[in-house]
Amino acid sequence: MAAEKLILSHQSKVIRGTVQLTGSKSESNRALIIRALSGGLVTVENLSEAADTVTLEAALEIAQSGNTEFKTIDIGPAGTAMRFLTSYLNLIKGNFILTGTERMQQRPIGILVDALKSIGADIHYEKKAGYPPLKIEGGMFQSKDQVAIQGNISSQYISSLLLIASSLKKGLTIQIEGELTSRPYVTMTLEMLKEAGIQYDFQEQSIAIAKQDFQPATIYVEPDWSAASYWYAMVALAQEAHVVLPGLKKHSLQGDFAIIDIMTHFGVTSTFEKDGLHLRKSGLISKKSLFNFKECPDLAQTVIVVAAALRKDSSFTGLETLKIKETDRILALQQEIGKFGAELIADGEVYHLKTEKVFEPENINIATYEDHRMAMAFAPLALVFNQVTIEEPLVVEKSYPSFWKHLVAQGFQIVE
Ligand SMILES: O=C(O)C1=C[C@@H](OP(=O)(O)O)[C@@H](O)[C@H](O)C1
Ligand SMILES: C=C(OP(=O)(O)O)C(=O)O
């Protein structure tokens, strides 16, 4: 596949088929850390094909490969890998430089580094204070069993501490200060630790995990609900559609499961059947016009693009953390939906989508800002417009490498 752009179209605008999604990137990356800390007691099945997961697996191998010389670990654009390794590497004997892409070097990590330093970690900034790259001297001597951490910037900092807590000599009690954003990702971490035999006590703003051993377990990674969201978008935008997604569970650990409910308002019904989750187009668009993404930030782009294309004026909250993800996702969305006349207007913490000027261009050129979710959220527009050009299509590899192949299997035409 050419790296620069691809031109996407769909003649019939009808989609009927089965799509086997890869494993959840979030579950996989937690499972890899748990497996590494368990010393082989925990095994993992159905790991994600996501580049972020492949990168983390390779990084863990480097980290564990003996000797104390400086090792450089480059995790590219993988946010969870950066955050989880920032804690994990303190437990390994050795000296590490932990770095990532240019964008990763703009994504804040100071809150987590401060928390780790307050319990004895030896971490320094290689460039700008508060941001990767980090210099970590492993083999930490734990000074305290309590840590306070701000909850409203990224839940990944808290998950990172939780993952190592039971392996620390004194265990760890984490006091979450202020609001907790992306809460389902924290409960996912706790539930996965529990699957591996780790007990926890979660009371309001505090989570306590005593020093304890992992137990033999097999963690089975569920398919990725964030990836499923793009199929919901396609069902919502197609003229007719019926898509089956095997392996997704009725009781998921992934907060992006919320797409089921959200998409009922955009004309998509979901039923769990023997062979998987069936998405069908009902075409019934509800009057609900306020959606909150605080617990499911990765769904924001999918839903906002669908709402714009369906000309459903809506308002959105819980978008604060979008600015520090793969790109400033608010800005990226504003620019790209503007290309077909939609506007996303900030009013304090509420964003209003205005669609009165939406038009149907013959061809629309979408920039992706090194953000997999920009590419995948805008691709379904090929079911509404004649042609959609996606720049830098390989960004999808971060979480869903088979995305374009799956689109072709469902009748999309791709010209590179
Ligand atoms: O823990 C995780 O696996 C994730 C947590 C979320 O990040 P924030 O907690 O920074 O919102 C989410 O956006 C990201 O894609 C994956
Ligand atoms: C924000 C994301 O990932 P990360 O923070 O792990 O880079 C994402 O996958 O949308």
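Predicted model: local features only at pLDDT ≥ 70, side-chain atom pairs only at ≥ 80, totals over all residues.

Biologist: Which residues are around ligand 1?

Modeller: A residue is near a molecule if its C-beta atom, placed from the backbone, lies within 6 Å of it. Around ligand 1 these are S26, T80, S154, S155, Q156, S159, T181, S182, Y185, P297, D298 and T321.

Biologist: How do the residues of that shell divide by class?

Modeller: Ala, Val, Leu, Ile, Met, Phe, Trp, Tyr, Cys and Pro count as nonpolar, Asp, Glu, Lys and Arg as charged, and the others, Gly among them, as polar. The shell around ligand 1 has two nonpolar, nine polar and one charged.

Biologist: And which residues are around ligand 2?

Modeller: They are A78, G79, T80, D298, K325, E326, R373 and S399. One is nonpolar, three are polar and four are charged.

Biologist: Which domains does the shell around ligand 2 draw on?

Modeller: Domain bounds come from an automatic or database domain assignment. The shell around ligand 2 takes at least three residues from each of domain 1 (5-23 + 223-415) and domain 2 (25-220).

Biologist: What does UniProt list for D298?

Modeller: The unreviewed UniProt entry lists D298 under "active site". Such positions are given in the numbering used here, feature names are shortened, and annotations may be inferred rather than shown by experiment.

Biologist: Is D298 buried or exposed?

Modeller: Count the other C-beta atoms within 10 Å of its own, all placed from the backbone: 20 or more is buried, 12 or fewer exposed, and in between partly exposed. D298 is buried, because it has 27 such neighbours.

Biologist: Where is D298 found?

Modeller: Helices (H or I, at least four residues) and strands (E, at least two) are DSSP runs, numbered from the N terminus. D298 is in the loop between β16 (290-292) and α9 (300-309).

Biologist: Which residue has a positive phi of about 65°?

Modeller: That is N46, although it is not a glycine. N46 is partly exposed, because 16 other C-beta atoms lie within 10 Å.

Conventions: Residues numbered from 1 in each chain as written. Chains lettered and ligands numbered in written order.
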